[in-house]
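Please look over the sequence and the model shown here before reading on. The briefing below moves from a single residue to its surroundings and then to the whole chain.

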Amino acid sequence: MNSATYALIAISLGAVPGALSRYYLTIFFARWLGTAFPYGTFFINITGAFLMGFFITLTSKLAIFPQLNLLVAVGFLGSYTTFSTYALDTSNLLRTKNYQAAILYWCGSAILGFISIELGIFLAKIL
């Protein structure tokens, strides 16, 4: 097999658990906290940003197989994080005239996502 084939396999192997994690966490948060606010997507985007910052920074310091980076960063985290769902959820909150929740969700995701990625980078650097 050539390197392109290995890359596709690595991404695919990461994408399935990433997508399933997103799906089940969304269900979990909806059952736990309700559906008036997209808690699951909010949690997933914040933790995904943290994990991306942490993983990319940590692996840049270590000699790892490139396929591991593709599996985790592109495959798992690419399908785990949900920016398109974030946009849809914001739009849905606005359409239902839930302006306070829409602003909180829209701004909170961006601000906490940025803080989370920086925290992940910081923690990976001190390891």
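In which helix does Gly113 lie? In this predicted model, Gly113 belongs to helix H5, which spans residues 99-126.

**Gly113 and its surroundings**
- Gly113 counts as buried because its relative accessible area is 10%, which is under the 20% cut-off.
- Leaving aside residues up to four places away in sequence, Gly113 touches Ile46, Ala49 and Gly108.
- Although 67 residues separate Gly113 from Ile46 in sequence, their C-alpha atoms are 4.8 Å apart in space.

**Helix H3**
- Helix H3, made up of the 15 residues 66-80, reaches 20 Å from its first C-alpha to its last, close to the 21 Å expected at 1.5 Å a residue.
- The buried residues of H3 are Val72, Ala73, Gly75, Leu77, Ser79 and Tyr80, and these pack against helix H1 (3-33) and helix H2 (39-61).

**The chain as a whole**
- The protein chain holds 5 helices and 0 strands, giving the pattern α-α-α-α-α when read along the sequence.
- Taken along the principal axes, the C-alpha atoms fill a box of roughly 50 × 35 × 25 Å.
- Of the 127 residues in the protein chain, 31% count as buried, while the accessible surface comes to about 7,900 Å², with 74% of that surface belonging to carbon and sulfur atoms.
- Among contacts between residues at least 6 apart in sequence, 75% join residues at least 24 apart.

Terms used: Residues are numbered from 1 along each chain as its sequence is written. This is a predicted model: local features need pLDDT of at least 70, side-chain atom pairs count only at pLDDT 80 or more; totals for chains, interfaces and linings use all residues. Side-chain values use heavy atoms; hydrogens and water are left out. Helices (H or I, at least four residues) and strands (E, at least two) are DSSP runs, numbered from the N terminus. Buried means under 20% relative accessible area, exposed over 50%, partly exposed in between (1.4 Å probe, protein chains only). Contact means heavy atoms within 4.5 Å. Accessible areas come from the Shrake-Rupley method with a 1.4 Å probe; for residues, only the protein chains shown count as cover. The expected span of a helix is 1.5 Å times one less than its number of residues.
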